Amino acid sequence: MADSNKTTVVAVQTDPAFANVDASAIQQQIDDTWPDVLADKLPSYEQERGNRLLVKSKLVVAQIVATGGVQSASQLNESQTMFDWSKGNDPYMIDYLTLVDKYGHGRHRGRAFSRN
């Protein structure tokens, strides 16, 4: 399949959460996640969306890793708990997996075989 269905840096940066992310970092994630979109056999009309969702998920994970992944902190009488995306709460990955479940042939689940 043609790479013409890949998402673009501009499409990712349209989301305010990613507007200031370096374009080369976004492009690297686009290129890295594209084989996964193809392997999950999303139809051509959903490939750009799937690629964009995977890119956003990878960028969020990279940000969590870069900041040390702090989950909660307290100082004096103030405490703060951050949303834990590592527990399956990544909305971009959830949306991607929903897309694969609906249209694709995902590799994220095992296969079951039976013999009579």
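This is a predicted model: local features need pLDDT of at least 70, side-chain atom pairs count only at pLDDT 80 or more; totals for chains, interfaces and linings use all residues.
After H2 comes Lys41, whose phi is positive, near 55 degrees.

The buried residues of H2 are Ile26, Gln29, Ile30, Thr33, Trp34 and Val37, and the elements that cover them include helix H1 (9-13), helix H3 (44-66) and helix H4 (91-103). Gln29 has a relative accessible area of 18% and therefore counts as buried, the cut-off being under 20%. Apart from its neighbours within four places in sequence, Gln29 is in contact with Val55, Lys58 and Leu59.

Two aromatic pairs are counted in the model. In one of them, Phe18 and Tyr92 are arranged edge-to-face, at 5.7 Å centre to centre and with 65 degrees between the planes. Because Phe18 lies in the loop between H1 and H2 while Tyr92 belongs to helix H4, this pair ties together parts that are 74 residues apart in sequence. Phe18 is buried, with a relative accessible area of 5%, and Tyr92, at 15%, also counts as buried.

The rings of Tyr45 and Tyr103 have centres 5.8 Å apart and planes at 85 degrees, so this pair is likewise edge-to-face. Since Tyr45 lies in helix H3 and Tyr103 in helix H4, the pair ties together parts that are 58 residues apart in sequence. Tyr45 counts as exposed at 59% relative accessibility, whereas Tyr103, at 27%, counts as partly exposed.

Methods:
Residues are numbered from 1 along each chain as its sequence is written. Side-chain values use heavy atoms; hydrogens and water are left out. Buried means under 20% relative accessible area, exposed over 50%, partly exposed in between (1.4 Å probe, protein chains only). Contact means heavy atoms within 4.5 Å. Helices (H or I, at least four residues) and strands (E, at least two) are DSSP runs, numbered from the N terminus. Rings of Phe, Tyr and Trp (its six-membered ring) pair if their centres lie within 6.5 Å; planes under 30 degrees apart count as stacked, over 60 as edge-to-face and the rest as tilted.
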